[in-house]
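Subject: Structure for you to look at

Hello,

Here is the structure I said I would pass on. Please open it before you read the notes.

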Protein chains: 2
Amino acid sequence: MAMRKLSSTNYYNQTFLEDKCALNELIHLLSKRWLTEVMFSIEEGNSRFSSLKEDLKHISDNILADRLKLLEQYKLIVRNNHLGEVPARVEYSLTETGEKLSELLGGLCSFAENEMEFPS
Amino acid sequence: MAMRKLSSTNYYNQTFLEDKCALNELIHLLSKRWLTEVMFSIEEGNSRFSSLKEDLKHISDNILADRLKLLEQYKLIVRNNHLGEVPARVEYSLTETGEKLSELLGGLCSFAENEMEFPS
DNA sequence: ATTGAACAACTCCTTAAAAAGTTAGTGATG
DNA sequence: CATCACTAACTTTTTAAGGAGTTGTTCAAT
């Protein structure tokens, strides 16, 4: 999706923060739009590209593909290629780490809903 | 810091997700660079603009000002203007909600450090 | 007593970089 | 030839950074 510029202050500051604390790296991942929704949707049983696409109405193909790739890279989901079966298909599911993260995010979510006040 | 374009798909999707679940709104806030670090720094006792600036070496004035304003709007910190005293000064501190969030983020942080594997 | 430099806590404007979205297209399978 | 699971190229929108300027107070020298 386009190369990053390694010489910018922008990049420097980001890596500075990510080196300082892993939380920054995690938040940066989670902040990619649709990413948590993709995770939750997989958790709820939408295991295929097309059903995820249908479930997350407004997501576009390239973004969904990118988010799946990211989640896989970070070992939060696994990609299963069922080549032997007819029809051949790809299925995604959460890893243990993914499930644990999902649980933690559940906690954050109820905090957000019950204890935060979002301005106008 | 510049107006948002309300007619874009970008904006539409963001509000769609934020309406769907408050977690998205919270993550969007947390993903603003330096924001969590500003919170933690205040928690550790850096209560003034200048000491925060010093603590977070590479942050620039306008970003620090913006993050403080955001944190205040979301009621995670309070701004105290000590006008009566000499020298007059401004002090920031965490609210109860802010402290609670900080604790939750602590949990996420140890998850990130201990259970996640970040690619290369 | 007034001028001036220094600092605190910002704001405003511009530019650069990253992220999201749009459109079109690919290769495999049935 | 239609569907699935994508990829690539391009445009638009958003975010971060850079730098100058502002208001108000303190302290020191003229």
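Below are notes on how to read the model, then on a few residues and ring pairs.

This is a predicted model, in which local features need pLDDT of at least 70, side-chain atom pairs count only at pLDDT 80 or more, and totals for chains, interfaces and linings use all residues. Residues are numbered from 1 along each chain as its sequence is written, chains are lettered from A and ligands numbered from 1 in the order in which they are written, and side-chain values use heavy atoms, with hydrogens and water left out.

N13(A) sits in helix 1 (residues 9-20) of chain A; helices are DSSP runs of H or I with at least four residues, strands are runs of E with at least two, and both are numbered from the N terminus. N13(A) is buried, at 8% relative accessibility. Buried means under 20% relative accessible area, exposed over 50%, and partly exposed in between (1.4 Å probe, protein chains only).

W34(A) has a positive phi near 80° and is not a glycine. Its place is the loop between helix 2 (22-30) and helix 3 (35-43) of chain A, and W34(A) is buried at 6%.

The whole structure has 4 aromatic pairs over all chains. Rings of Phe, Tyr and Trp (its six-membered ring) pair if their centres lie within 6.5 Å; planes under 30 degrees apart are stacked, over 60 edge-to-face, and the rest tilted. F16(A) and W34(B) have ring centres 6.2 Å apart and planes at 40°, so they are tilted. This pair crosses between chains.

Regards
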